[in-house]
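User: I am new to this structure and would like to be guided through it by questions. Please begin with any term that the first answer will need.

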Amino acid sequence: MTKDRLLDGRVALITGASSGIGAAAARVFAREGAKVVLAARREDRLKTLVEELRSAGAEAEYVVADMTQSQDTAAAVACAVERYGRLDAAFNNAGYGVGRTPLHLMGDDLYDQIMDVNVRGVWNCLRDEVTAMLETGGGSIVNNSSVGGLLATPVAAPYVASKHAVIGLTKAAAAEYAAQGIRVNAVAPGTTRTEVVGEWFAQNPGIEEALHQATPQPRTAEPEEIAEAAAWLCSHRASFVTGITMPVDGGFTMV
């Protein structure tokens, strides 16, 4: 094995792994030496991705799971433990975002769906991941927040609230388990070229250029760039880093 890979020999769970940042993370974590367990709702995509990773020499499994269901997150963690003997790292990436809707026009059902996926989903994952890591002496967890968790953006109130909550959960868990060898951090991506964002750009001509103008590095991030940050935070090279939220946004939140 190549000794300088970030995650050599580590067992990592990645949620929301069927597309976008999650799929990119699956490839980056596997390339960096991790044994990966991928969790998402779309089995066809998971199966194809696992076959790709295995063909490249990685060890990979998948679990069809809805992160809002506690039995599903427990099953995803159990898959890692049963297949590989432990859980060393997790990237809680699964999330839900919607088109821009003014607060006064947004119904309860949409609010509930956003909060359920983005907050309860992370809560469920944290609880099961921490339980597994306590049994083996520690590990590293990264939650996917957003620049919306650091700033207020208009006509997206529940999404903004949910991503602030992810940062709160990150800090709370980091403080609670640091002495027991579990590090918990978050990444806050800026606009990233996922399928959902691509559709949003197509439906709103000019929005990508406007975002570029507001970003010191005037471009859209690639999913792999967010995945690289998550992989570093999960690695031993970030061994004294816990409780932070790392913007990966081309400088958007510094201006």
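Analyst: A residue is called buried when its relative accessible area is under 20%, and exposed when that area is over 50%. The model discussed here is predicted.

User: Is N143 buried or exposed?

Analyst: The cut-off for a buried residue is a relative accessible area under 20%. N143 has a relative accessibility of 0%, and therefore it counts as buried.

User: In which strand is N143 placed?

Analyst: The strand that holds N143 covers residues 139-144. That strand is β5.

User: With which side chain does the side chain of N143 make a polar contact?

Analyst: Leaving aside neighbours within four places in sequence, N143 is in contact with several residues, including V122, L126, V166, T170 and V184. A polar contact requires a pair of N or O atoms within 3.5 Å. At 2.9 Å, the side chain of N143 has such a contact with the side chain of N92.

User: Which residue takes a positive phi just after α4?

Analyst: Helix α4 ends at residue 136. Just after this helix, a positive phi of about 95° is found at G137.

User: Against which elements do the buried residues of α8 pack?

Analyst: Helix α8 spans residues 223-234, and its reach of 17 Å is close to the 16 Å expected. Its buried residues are P223, I226, A227, A229, A230, A231, L233 and C234. The elements they pack against are α1, β4, β5, β6 and β7.

User: What is the radius of gyration of the protein chain?

Analyst: The secondary structure of the chain comes to 8 helices and 7 strands. For 255 residues the globule rule gives 18 Å, and the computed value is close to this, so the chain is as compact as a globular protein of that length. Along its principal axes, the C-alpha trace spans about 50 × 35 × 35 Å. The radius of gyration is 17 Å.

User: What percentage of the residues in the protein chain is buried?

Analyst: The accessible surface of the chain comes to about 11800 Å², and 53% of it belongs to carbon and sulfur atoms. Among the 255 residues of the chain, the buried ones make up 50%.

Conventions. Residues numbered from 1 in each chain as written. Predicted model: local features only at pLDDT ≥ 70, side-chain atom pairs only at ≥ 80, totals over all residues. Heavy atoms only, no water. Helix = DSSP H or I, 4+ residues; strand = E, 2+ residues; numbered from the N terminus. Buried < 20%, exposed > 50% of the residue type's maximum accessible area, 1.4 Å probe, protein only. Polar contact = N/O pair within 3.5 Å; in protein donor to acceptor, adjacent residues only side chain to side chain. Contact = heavy atoms within 4.5 Å. Expected span 1.5 Å × (residues − 1). Rg over C-alpha atoms; globule rule 2.2 N^0.38 Å. Areas by Shrake-Rupley, 256 points an atom, 1.4 Å probe, with all protein chains shown as cover.
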